[in-house]
Amino acid sequence: MNVLLEAFLVSFYTFIFLWLIRKNQFFLRSGIPKQWLYFLFILKLIVSIALYLIYTKFYTVRSEADIFKYFDDSAIVFNALKTNVIDYIKLVFWKVPDTNYYFENYLVKMNYWANPNNSIFYGDSILMIKINAFFRLFSLGSFHVHVLFFNFLSFVGLVAIYRSFKAMFYIRKEWLIGALFLLPSVLFWSSSVLKESLLLFFLGIICFNLTKKKQYNFTSFIIILFSLIMLVLLKFYVALPLVLVMFSYLINKFVRKPFVVYPLLIFVGIIIIFNSSLLKVIVLKQQDFIQLVENTNAGSYFEIPVLQASFLSVLQAIPQGILNCFVRPLPNSSLSIMALPALLENLLILVGIGFAFPQIIKKKTWVKNNINSLLFLIVFTLLLFSIIGITT
């Protein structure tokens, strides 16, 4: 693409997004000052440049670079517009027919549509390729415009999460803003053409519609359902614990017995998981990651218990899984410089929890008033950490 045209498109869309942040009620009602919103969004754009440099200067194999692989594959889908518009529509908005025609003309030309390390999930790669192919209608093939789009979506998700839980934050709101927007891993991985950007967007939209004080309506239900479907396609293991805590949260709003509702529904959910094909899915997900480690010789590898498709095997692995998410990587002599930020961030989170816990214990009335939201966040985190820690 012509450099001047790309510069114009990037400038144009940046102006549009900043204008929306300035004028749209969703942002205005967040309670975050406009200047802060501008700063936080521009900071994400700056971090996206750092990500781009890392994946062009240090990890130079473009076909293996996370930020490029779905964007590059989407060009194959988008090029269908030149020959057959119906093919493009089916590839982007519908399930692709299982025929030799589509395989030979499109699928075989892409590296990640049928990813061998993504053998059990439809959506991890395919959804990203579809969305990038759709964005190409507006980007004219500029990667940096796609970065802008994904940045804005993740920014919307973060603002939605802030609006969902700011009312229960009784000390200075700046701490919550910092924890949400400035946590290094969140800032880093949500600032480019990556799944995490979409994950934050859909997660934020769900939380925003779930926790709003007004009575639920049909529109809210449709938005939550659509976002859940997208999460299932994008990251199944995030959607699974989210569904469990969502049901617990909604039921508790009516019966107001949180220490009965949450344990009961989580117990029922676990029974369903361990008596269905979902248990096998979790085991296969671990096998996929182990295979990925072996294929790429990942430097961040560490041993975890190999799961069997049994209740006892998974149950025994869960405590270590939760611990893995909280403390890995551990400080040792083989720790690479790239792992140091993750180590420091974990330390920051653990220190933050250490300071927050005594404050929570002191505020008994506050805990009582916010127990539903507290349990929603805590139980979701522990369930998600369990799945991530025993599979990744």
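Modeller: Helix 1 and helix 8 cross in a right-handed way. Right-handed means that the near helix is turned clockwise from the far one by less than a right angle, and left-handed means anticlockwise. Helices here are DSSP runs (H or I, at least four residues), numbered from the N terminus. This is a predicted model, where local features need pLDDT of at least 70, side-chain atom pairs count only at pLDDT 80 or more, and totals for chains, interfaces and linings use all residues. Residues are numbered from 1 along each chain as its sequence is written, and side-chain values use heavy atoms, with hydrogens and water left out.

Biologist: At what angle do the axes of helix 1 and helix 8 cross?

Modeller: Roughly 15°, and the axes come within 9 Å. Axes are lines fitted to C-alpha atoms, for helices over the stretch in contact, with angles from 0 to 180 degrees between N-to-C directions. That makes helix 1 roughly parallel to helix 8. Under 35 degrees counts as roughly parallel, over 145 as roughly antiparallel, 65 to 115 as roughly perpendicular, and the rest as oblique.

Biologist: Which residues in helix 1 and helix 8 meet?

Modeller: E6, L9, V10, Y13, T14, F17, L20 and I21 in helix 1 meet F143, H144, V145, L148, F149, F152 and F155 in helix 8. Contact means heavy atoms within 4.5 Å. That contact has 12 nonpolar, two polar and one charged residues. Nonpolar covers Ala, Val, Leu, Ile, Met, Phe, Trp, Tyr, Cys and Pro; charged covers Asp, Glu, Lys and Arg; the others, Gly among them, are polar.

Biologist: And how do helix 3 and helix 8 cross?

Modeller: At roughly 135°, with the axes within 10 Å. Helix 3 and helix 8 are therefore oblique to each other. The contact includes L37, F41 and Y52 of helix 3, and F143, V147 and F155 of helix 8. By class, the contact of helix 3 with helix 8 has 11 nonpolar, four polar and one charged residues.

Biologist: New topic. How much space is in the second largest pocket?

Modeller: About 1000 Å³. Closest to its centre are S164, T211, K212, K213 and Y249, of 29 lining residues. A pocket is an open set of points on a 1 Å grid over the protein atoms alone, where a 1.4 Å probe fits, with protein on both sides within 12 Å along at least five of seven lines; lining residues have an atom within 4 Å of a point. Volume is the space filled by probe spheres set on the points, which are joined across faces, edges and corners.

Biologist: Which helix gives the largest share of that lining?

Modeller: Helix 18, with six residues. By class, the lining has 11 nonpolar, nine polar and nine charged residues.

Biologist: Where is the cis peptide bond?

Modeller: From R328 to P329, with omega near 0°. P329 lies in the loop between helix 16 and helix 17.

Biologist: What is phi of L140?

Modeller: Near 55°, a positive value in a residue other than glycine. L140 is in the loop between helix 7 and helix 8. Most residues other than glycine have a negative phi.

Conventions
Helix = DSSP H or I, 4+ residues; strand = E, 2+ residues; numbered from the N terminus.
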